[in-house]
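Keep the model in view while reading.

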Amino acid sequence: MKNININDFKVTQKIQIKNLQTTYDLEASENTIEDELEDIREKLGKLQDTMYAHGKYAVLVCLQGMDTAGKDSLIREVFKDFNTRGIVVHSFKVPTELELNHDYLWRHYIALPSRGKFCIFNRTHYENVLVTRVHPGYILGENIPTVNSVDDVNNAFWDRRFKEINNFEKHVVDNGTIIFKFFLNLSKKEQKNRLLRRLEKQEKNWKFSPGDLKERKLWEKYQECYEDLLNRSSTNYAPWYAIPADDKETARYIVAKTMYDTLKTYTDIQEPELDDDIKANLELYKQQLQSEE
């Protein structure tokens, strides 16, 4: 199987989305890729236990991609070996009335993981510079004092919002959160195939919504917004990784390897040492337990 360099997928300079890969050949069979993924996710599960005990870092995993890009199945397959006490998934839908009564980052901030835990944002705070940019009328629902019409949702508005998001991420990183941002880059042709499967297979019908077709008609606009998003918010402290997503198994493997290869560089993440007094009396504690009737 091909040995990959995770930096090949990191967005480190200005990109054009049309030049990004949607497929990637790992030069291996599907079974081999699944076996390699199983090995990495077991290592990630053990690392999660260590991080939970260590209790100093949190991990935020951000997943973005067009409809059918494979976010849900990726979460299921990559994080299968995690202890449920140390991981939570948030899927951000249309903002509720309560959420709209706060600033747009509020609902994301309160969902951040505590130290020692992993959190997955299935769709993320970047929806606030993505779907709202494709549909700027949605911004009016946020009831922002300086926005009285769609005309106020201008370039200066988006410049400010990107700056706020970058600052938000810098703040949480500086306070111990490791951020992974994955853009699942799906081709328009493959999205069509996946939408057709949802219609053709009865057990997948529930996943289909007529709204998917309406959003698909805006494909080019979404691609423009994703391109701008990647160029303006991939930073050294919270970089984006553009993951070829036409093949789900390959995408899952690359995501898992990216996380593991990055996290294992944090050599300070270790299980805590027992207090010297406790360590010195381990045999005594064992004898006390064994002497119980």
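The report below takes helix packing, then the cavity, then the pocket.

This is a predicted model, in which local features need pLDDT of at least 70, side-chain atom pairs count only at pLDDT 80 or more, and totals for chains, interfaces and linings use all residues. Residues are numbered from 1 along each chain as its sequence is written, and side-chain values use heavy atoms, with hydrogens and water left out.

**Helix packing**

Two packed helices are described by the angle between their axes and the distance between the axes. Helices (H or I, at least four residues) are DSSP runs, numbered from the N terminus. Axes are lines fitted to C-alpha atoms over the stretch in contact, and angles run from 0 to 180 degrees between N-to-C directions. A crossing is left-handed if the near helix is turned anticlockwise from the far one by less than a right angle, and right-handed if clockwise.

| Helix pair | Angle | Axis distance |
|---|---|---|
| H1 (residues 30–54) and H10 | about 35 degrees | 9 Å |
| H2 and H10 | roughly 55 degrees | within 10 Å |
| H6 (residues 155–174) and H9 (residues 219–233) | roughly 50 degrees | within 10 Å |

Start with H6 and H9. Their axes cross at roughly 50 degrees, which makes H6 oblique to H9. Angles under 35 degrees count as roughly parallel, over 145 as roughly antiparallel, 65 to 115 as roughly perpendicular and the rest as oblique. The crossing of H6 with H9 is right-handed. Contact means heavy atoms within 4.5 Å. H6 contributes Trp158, Asp159, Phe162, Asn166 and Glu169, while H9 contributes Asp228, Leu229, Arg232 and Ser233. These contact residues divide into three nonpolar, two polar and four charged. Ala, Val, Leu, Ile, Met, Phe, Trp, Tyr, Cys and Pro count as nonpolar, Asp, Glu, Lys and Arg as charged, and the others, Gly among them, as polar.

H2 and H10 are oblique to each other. H2 passes H10 in a right-handed crossing. From H2 come Ser73, Leu74, Arg76, Glu77 and Val78, and from H10 come Lys248, Ala251, Arg252, Val255, Ala256 and Met259. Six of these residues are nonpolar, one is polar and four are charged.

H1 and H10 cross in a left-handed sense. Contact residues of H1 include Ile33, Leu37, Ile40, Leu44, Leu47 and Met51, and those of H10 include Tyr253, Ala256, Met259, Tyr260 and Leu263. By class, this contact has eleven nonpolar, one polar and seven charged residues.

**The cavity**

Where is empty space left? Rolling a probe the size of a water molecule over the atoms shows this. On a 1 Å grid over the protein atoms alone, a cavity is a set of points where a 1.4 Å probe fits but cannot get out, and a pocket is an open set with protein on both sides within 12 Å along at least five of seven lines; lining residues have an atom within 4 Å of a point. Grid points are joined across faces, edges and corners, and a volume is the space filled by probe spheres set on the points.

The structure holds one cavity of 30 Å³ or more. H10 gives the largest share, three residues.

**The pocket**

The largest pocket has a volume of about 1,300 Å³. Its lining counts 45 residues, with Asp67, Lys71, Lys93, Arg123 and Asp212 nearest its centre. H7 gives the most, five residues. By class, the lining has twelve nonpolar, 14 polar and 19 charged residues.

Key. Helix = DSSP H or I, 4+ residues; strand = E, 2+ residues; numbered from the N terminus.
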